[in-house]
Amino acid sequence: MFKFIIFLAVSFFLLQADTHPKKSIFILHSYSQEYGWTKLQHEGFVDKIEKDSSSALEISVEYLDTKRLAFSKEYQTFFVAYLQKKYKNYQPDAIYVTDDNALNFFVNHSGSLFSDAPLFFSGINNISLSRSLDPHKYSGVYETKDIVPNIELIRQFSPQTRDIWIVGDDSTTYRSIETDIRSQISKYPNHTFHFIASPRIDAITAKLPKSTKSFVVLTTIGGLSDADGRNLTLQESIARLKQNKNLILCSMEDAYVFGGVIGGYVTSGKLQGERAAELAIRHLNGEPLKDIHSVLKSPNTYMFDRHSLVESRLILSEYTARNAIVLYENKTFFEKYQGAILNSMFIFFIFFFIFLIIVFFLFIQKNDQLKKLKKELDDTSAELSSAKERLDASDDFDE
């Protein structure tokens, strides 16, 4: 009986087991594993695809690290040879890349690396690729930074502000963003926009304003370096900018919302990765790639650092706050530990269910034993009654 109970309990869990063949996914990131934007996209993609895929997954990850190394033809040739040697006889079921350099790398060398694998991407700024990429081979999520919600946000925070500084690292990505911003700011003739772009942090800080409560919008700053040409981490770059206490730093990217940056209407690395994973899952589940269209509207969101808002004495409107991700928000005990509480409740109900099954079978077993005992008692009682009758008859006969 107990063996049967154990078998039933184990079977309950095994019903959830993955019976589909394992799928392999190769991931290539444009930047390093420690770069915030890359990390958020990677986590969003991997968490989503591992959660929702019907197959077991084997994931291999590589990094071009092109914030540190120039994305030159020589470097690409070296990296192709490196991948060919390391992944000889390896053919993934899908490829996932983040940001323009990784996508361009595979486009440039499509015949040399995993040529039969469909490619999914996120964080791509060059939206014109949507017209040239082969839909039978490529599908993904484009990234566009929207300046208008951030301008409106600054106007909400400080209606008297007329000067807004736009800062970036003068990379190819920054120049694309600047072009897009310039096409939109004509809607604000009463504002003056100051564009400050350089790969050197000291060149940027020297041009930033010294007047109090000056609003600065960060576009892309991952390529900033110090006076010696050393590539700075995001933490170092933001710390250098925050040395100017007059600045209120806004962001157009979620990876920058820390260290005193108040936030803004940002591109979301997590959402970029999740949307790309959704496309990949559809294909792994059997849908033809040509029917899986790329996401052209960037999944952007409002994101703010509560501590930085308080420090800058800025108040979000109720409407903006309702639709925003607010970091370091004061939360109730349940909100803070919601995941752990729900997981604990789920585990409790599973074990409670198993406990009920055990009690049920114990009850049936005990009931059978009681019935057997009752039958034995009834039989014994019948025998005693029969014996008594024989004794009574014997007494009558003796008389």
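Visitor: Which residues lie nearest the centre of the largest cavity?

Guide: Start with the idea. Rolling a probe the size of a water molecule over the atoms shows where empty space is left. On a 1 Å grid over the protein atoms alone, a cavity is a set of points where a 1.4 Å probe fits but cannot get out. A pocket is an open set with protein on both sides within 12 Å along at least five of seven lines. Lining residues have an atom within 4 Å of a point. Here, Tyr 31, Asp 99, Thr 173, Thr 220 and Glu 253 lie nearest the centre of the largest cavity, among 13 lining residues.

Visitor: What am I looking at, and how are residues numbered?

Guide: This is a predicted model; local features need pLDDT of at least 70, side-chain atom pairs count only at pLDDT 80 or more, and totals for chains, interfaces and linings use all residues. Residues are numbered from 1 along each chain as its sequence is written, and side-chain values use heavy atoms, leaving out hydrogens and water.

Visitor: How much space lies in the largest pocket?

Guide: A volume is the space filled by probe spheres set on the points, which are joined across faces, edges and corners. The largest pocket holds about 630 Å³. It has 28 lining residues, and Glu 34, Tyr 35, Gly 36, Leu 234 and Ala 255 are the closest to its centre.

Visitor: What is the volume of the second largest pocket?

Guide: About 520 Å³. Its lining has 25 residues, with Tyr 31, Asn 101, Ser 171, Thr 172 and Thr 173 closest to the centre.
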